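The model comes first, and the text follows it.

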Amino acid sequence: MSVAFVFPGQGSQAPRMGLDWASSSEAGDDLYGWASTCLGWDLTKTLETASPDELRQTYIAQPAIFSVSVAAMRALEGAGIRPAFTAGHSLGELSALVAAGALSFEAGLTLVARRAEAMQRAADARPGSMSSVLGLSVEAVEMAVAAARGNDVLAIANDNAPGNVVVSGDWAALERLPAAAKELGAKRVVPLSVGGAFHSPLMAPAADVFRSFLSAAPLRDPAIPVIANATSEPVTSAEELRELLARQLTGPVRWTESVRRLADLGVDTFIEVGPGTVLSGLIKRTVKDVRVLSAGDAAGVAAAVEALRERAEGAPSDGGEDQGEVIVLPERFAVSPSHGRFYPAALSRFTDEGPYVEPGDLLGEVRNGAATVPVHSPFRGQVMAHLAWEGELVTPGQILLSLRPF
């Protein structure tokens, strides 16, 4: 089983996304708390209260999506899931670099914030927008773009999936695009509610500014390959990543090719890590005979973990060499039944391997004010790891302990 983590970009945001992983300011390693410190504004409060229009603003949307995506990725890693490859759509490429070990969360968030600011300034200086062309091949969209461009800027921005291509540029050229596209057989041309002409030559000033930040960023060679938006090829060099991340701002996101490349490399399981299910839908339209899972909240993470565990248990061995793919161990997971703080119980049964539990044994309790909800083991098993520390704020469905049945 070969797993790829794929990370969404701007457009996947939604009010109250990611709140499963919001914890109190008392936690020193609270990811959202660190994000708020780096950003200078309260990320958790924004996730709790921001309207759809507020979340659509680039300088808010991009750091918020990035932080939620990394929180979801850490939850998957805490459950023992590691990818063989990573990729991200536009902004999501920076989340993919964190998953690949090329960037720390703090460094990645700083780059995200600087990228968003540079893109917003470029958009304000030269207004434009984006439209999605449905029902045409990339080649046909290129013909429509050539016909509609005139003396304005117009370019393909995202090749998302077969029959789903996004075009970006000046307003005047975008107004001419529907007629040109429909003449070639397009089903629809849908204007997108975005803040600028992203992934087009109009973003050249932003790319120049972003290059200066990238040159100083503490990028490392990724521990696992990252499929780059700009080339749809695996990258394992930090220096190459610096150039490709800047090039991405003015060139197309080659998502269709990236997904196909991952499938060619043997990936049979894609996990969309972060808010929404946009990428899941695109992947299903692009490649067949692969499993696509979404892990945008605690319930999604738990479902993905369970699906991979079942597949690992049922997969036959072919006796071949280990190719470095991710194998999920045959474990079960105890999850939180409620909101509150988790306090593990002292366990009294032991084998030479450590503590174990019988069905019904108390694993701990979740406390919320005066209410206390017990957490019981549903089966007999060896306790492998505590995945929530004492006093951690947990949400329903969040994984608390991993257990190996016997």
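Glutamate 117 is partly exposed, with a relative accessible area of 31%; buried here means under 20% relative accessible area, exposed over 50%, and partly exposed in between, using a 1.4 Å probe and protein chains only. Arginine 114 is also partly exposed, at 24%. Their side chains meet in a salt bridge with an N to O distance of 2.9 Å, a salt bridge being a side-chain nitrogen of Lys or Arg within 4 Å of a carboxyl oxygen of Asp or Glu. Because glutamate 117 and arginine 114 lie 3 residues apart in helix 6 (residues 105-125), about one helical turn separates them. Helices (H or I, at least four residues) and strands (E, at least two) are DSSP runs numbered from the N terminus.

The model is predicted: local features need pLDDT of at least 70, side-chain atom pairs count only at pLDDT 80 or more, and totals for chains, interfaces and linings use all residues. Residues are numbered from 1 along each chain as its sequence is written, and side-chain values use heavy atoms, with hydrogens and water left out.

By the salt-bridge rule, the count comes to 13. Aspartate 170 and arginine 126 form one of them, with their closest N and O atoms 3.1 Å apart. This pair links distant parts of the chain, 44 residues apart: aspartate 170 is in the loop between strand 5 (164-169) and helix 8 (171-183), and arginine 126 is in the loop between helix 6 and strand 3 (129-134). Aspartate 170 counts as buried at 7% relative accessibility, whereas arginine 126 counts as partly exposed at 40%.

Arginine 254 and glutamate 257 form another salt bridge. Arginine 254 is partly exposed, with a relative accessible area of 28%, and glutamate 257 is partly exposed at 31%.

| Glutamate 117 | Arginine 114 | 2.9 Å |

The last topic is strand pairing. Strand 15 (residues 362-368) pairs with strand 16 (residues 371-376) in the antiparallel sense over 6 bridges; two strands pair if DSSP finds at least two bridges between them. Valine 366 has valine 373 in strand 16 as its bridge partner. The two strands form a hairpin with 2 residues between them, and glycine 369 in the turn has a positive phi of about 65 degrees.
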